[in-house]
Amino acid sequence: QKSIAHGYNQSIFPFYWLYKVSSWLLFSLFTLVVLWQLIIGRLLERVMNYANGYVDNFYFFSREAQMSFFNFNLSEWGMNVNIIPFKTTITYLLGADRFNLDIIITNTIGNILIFLPLGLLLPVLFKHCRLFSIVTITAITASFSIELLQFFLQVGQFDIDDIILNTMGAMVGYLMFKTIFKVNLFIKEANLKLNKG
C-alpha cells in the first residue's frame with residue numbers, strides 16, 4: 001500500500017520528496033524562530049543583563065527593581081496576567097498616543113502573523129491536521145504553552161489576547177492552505193480535461 005501511494009505521488013507530483021523536505025525545513029525554521037523570539041532570546045537577554053548588573057526586567061511588570069534574577073511576588077505576578085479577552089488589544093488600539101506604533105503592530109498584527117505558518121504547514125505535514133478543528137486546537141495548545149512558559153520564566157506576561165490572536169493567525173494560515181489546495185486541484189482537473197479533449 002505504501003509503495004502504491006508512493007508511486008501515485010511520484011506520478012502526479014514528481015518533486016514530492018522535495019516538497020516534503022522543504023515543508024519540514026520550513027516548519028523547523030518556523031519553530032526555531034517562534035521559540036527564539038518568544039522565549040530563548042528573551043531569556044538570554046535577561047541572563048546577560050543580570051550578569052552585567054542590570055536587574056530590571058522589560059518583559060515582566062514590577063513595581064520595584066528586582067534584586068534577584070527570579071522574583072516571586074504574588075501581587076506583581078497578578079499584574080502580569082490578563083484573562084479578559086481583547087482587553088490588551090483594545091488598550092493598544094485606543095491608546096495610540098501612549099504607545100509607539102511598532103509596539104502596537106507587534107502586539108496585534110505580529111501575534112497573528114507569527115502563527116500563520118503553523119496553520120499553513122500543519123495540514124501539509126500531517127494528514128490528521130487537515131481538519132479546521134484540529135489546527136485550531138493545536139494552535140490554542142501551542143500558544144497556551146508558550147504563554148505559560150513566558151510567564152513562569154518571567155520573560156513575558158500571560159495574556160489571553162495573545163492566545164486568541166495566535167489562534168486567529170493559524171486559522172488564516174489554514175484557510176490559505178485550503179485555498180491553495182483547491183486552486184491546485186482545479187488546475188490539475190482542468191489539465192486532465194484538456195489532455196483528454
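Biologist: Where is Phe-86 found?
Modeller: Phe-86 sits in the loop between β1 (81-82) and α4. Helices (H or I, at least four residues) and strands (E, at least two) are DSSP runs, numbered from the N terminus. This is a predicted model, in which local features need pLDDT of at least 70 and side-chain atom pairs count only at pLDDT 80 or more, while totals for chains, interfaces and linings use all residues. Residues are numbered from 1 along each chain as its sequence is written, and side-chain values use heavy atoms, with hydrogens and water left out.

Biologist: Why is Phe-86 called partly exposed?
Modeller: Buried means under 20% relative accessible area, exposed over 50%, and partly exposed in between (1.4 Å probe, protein chains only). Phe-86 has 36% relative accessibility, so it counts as partly exposed.

Biologist: What makes the phi of Phe-86 worth a remark?
Modeller: Its phi is near 65°, a positive value in a residue other than glycine. Most residues other than glycine have a negative phi. Gln-154 also has a positive phi, near 60°. Gln-154 belongs to the loop between α8 and β2 (158-159).

Biologist: Why is Gln-154 called buried?
Modeller: Its relative accessibility is 0%, so Gln-154 counts as buried.

Biologist: What makes Lys-87 partly exposed, and where does it lie?
Modeller: Lys-87 lies in helix α4 (residues 87-94). Its relative accessible area is 46%, so the label is partly exposed.

Biologist: How do you know that Lys-87 touches Asp-161?
Modeller: Contact means heavy atoms within 4.5 Å. Leaving out residues up to four places away in sequence, Lys-87 touches Asn-82 and Asp-161. Lys-87 and Asp-161 are 74 residues apart in sequence, yet their C-alpha atoms are 7.4 Å apart.

Biologist: How much of the chain's contact set joins residues at least 24 apart?
Modeller: The share is 64%, taken among contacts between residues at least 6 apart in sequence. The chain has 9 helices and 2 strands, in the order α-α-α-β-α-α-α-α-α-β-α.

Biologist: What makes α7 mostly covered?
Modeller: In α7, 8 of its 10 residues are buried. Among them are Leu-116, Leu-118, Gly-119 and Leu-121. For the whole protein chain, buried residues make up 30% of 197.

Biologist: What makes a nonpolar patch of Trp-17, Leu-18, Val-21 and Leu-25?
Modeller: Patch residues have over 30% relative accessible area and no salt bridge; like charges are joined within 9 Å, nonpolar side chains (Val, Leu, Ile, Met, Phe, Trp, Tyr) within 5 Å. A salt bridge puts a side-chain nitrogen of Lys or Arg within 4 Å of a carboxyl oxygen of Asp or Glu. Val-21, in helix α2, has a relative accessible area of 42% and is therefore partly exposed. The patch covers about 420 Å². Accessible areas come from the Shrake-Rupley method with a 1.4 Å probe; for residues, only the protein chains shown count as cover.
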